[in-house]
Amino acid sequence: MIGRRKKKRGGNSRGFVEASEPEVAIGDATEYEPELGEGYDGMSEDYDEVGEVEGGPYDAEDLDSDGDLTVGETGTRLDLGSVLVPMPLGAQLQVEMAPNGSPQAVHIVTQRGRITVAAYAAPKSPGQWREVAGDLAESLRSDNARVSIENGPWGREIIAVTPNADLRFIGVDGYRWMVRCVVAGPSGGNTADSELVGTARAILRDTVVKRGAEPHPVRTPLPVVLPEALVKQLAAAQQQQLAQQQGAAPQQSAEQQTAAGGTSAGPSAPTGPQQRRGESGSAMQQLGR
């Protein structure tokens, strides 16, 4: 059953972090996150077969109550409130902020691509991922993505080829929760036998879900809570961005006056480095450097 602790595996074959603070970025990377819509099915049950999966995702309630949940089977888990996820070696974090300034999602950025693990409220009985997978497939097709379905370790997986990236959606049903993993990689780099997908599945096998007793409507995301160290890094990043914007304003004003034939009353203020935007349009400000 999903969520029950299995025998520990030795080694660290995929290079997961033993104990470190990952670098973190701040951004608004929402372009690969279709909404969880209304129920729709229509895909063959052939894709619902679940194999013998060693490991998790685990339910925190099923683990040793006296154990440290941040100590994973392949390294250190990053505690994000509703989920604890192991960090691959060399990976960075990208924190997606909601309009109200609270953390909305945390993306694990590797050299091969981006992995996002999030937990959602679900009924006691399994089956929510089947409905969500149908919704995702329909939504992606309406956005002109080329969509296919594969059978993975936890059942059906949705694969979508878009102009910007190849996407893979992996879902796992638990007791009153569902985990969704979104894997985004370059064209051709998101196949079932790719290193990126292998890393994503290794992360899922050692992920822990803390559902909590609070009532949540079905399909709503469970809260993301950042560790204090990351909160401080994000606060510093926001201050840096504000300083850059304030420093750029006098320069822009002087340039506008010059273009209009006016003069400035002294040397313009130096401008800080501008936020760089990737092909997807996500603003990112690197921290920890």
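Reader: What should I know before we start?

Author: This is a predicted model, where local features need pLDDT of at least 70, side-chain atom pairs count only at pLDDT 80 or more, and totals for chains, interfaces and linings use all residues. Residues are numbered from 1 along each chain as its sequence is written, and side-chain values use heavy atoms, with hydrogens and water left out.

Reader: Why is the pair Glu131 and Arg219 called a salt bridge?

Author: The rule asks for a side-chain nitrogen of Lys or Arg within 4 Å of a carboxyl oxygen of Asp or Glu. In this pair the closest N and O atoms are 3.3 Å apart, so Glu131 and Arg219 pass. Helices (H or I, at least four residues) and strands (E, at least two) are DSSP runs, numbered from the N terminus. By the salt-bridge rule, the count comes to 9.

Reader: What makes Glu157 and Arg168 a salt bridge, and are they buried or exposed?

Author: Their closest N and O atoms are 2.7 Å apart, and the limit is 4 Å, so the pair qualifies. Glu157 belongs to strand 9 (residues 155-161) and Arg168 to strand 10 (residues 166-173), 11 residues apart. As for burial, Glu157 is at 1% relative accessibility, so it counts as buried. Arg168 is also at 1%, so it counts as buried too.

Reader: How do you know that Arg201 forms a salt bridge with Glu157?

Author: Same test: the closest N and O atoms are 2.9 Å apart, so the pair meets the 4 Å limit. Arg201 lies in helix 2 (residues 195-205) and Glu157 in strand 9, so this pair ties together parts 44 residues apart in sequence. Salt bridges that share partners join Glu150, Glu157, Arg168 and Arg201 into one network.

Reader: What makes helix 2 largely enclosed by the rest of the structure?

Author: Of its 11 residues, 9 are buried, so helix 2 is largely enclosed. Among them are Leu196, Val197, Ala200, Arg201 and Ile203.

Reader: How do you know that strand 3 and strand 4 pair?

Author: Two strands pair if DSSP finds at least two bridges between them. Strand 3 and strand 4 have 3 bridges, so they pair, and they run antiparallel.

Reader: What about strand 12, which strands does it pair with?

Author: Strand 2 pairs with strand 12 in the parallel sense over 2 bridges, with Asp59 partnered by Val209. Strand 4 pairs with strand 12 in the antiparallel sense, also over 2 bridges, and Leu84 stands opposite Val208 there.

Reader: Why are strand 2 and strand 3 called edge strands?

Author: The sheet is open, has 4 strands in the order 2-12-4-3, and its pairing is mixed. Strand 2 (58-59) and strand 3 (77-79) each pair on one side only, and that makes them the edges.

Methods:
Buried means under 20% relative accessible area, exposed over 50%, partly exposed in between (1.4 Å probe, protein chains only).
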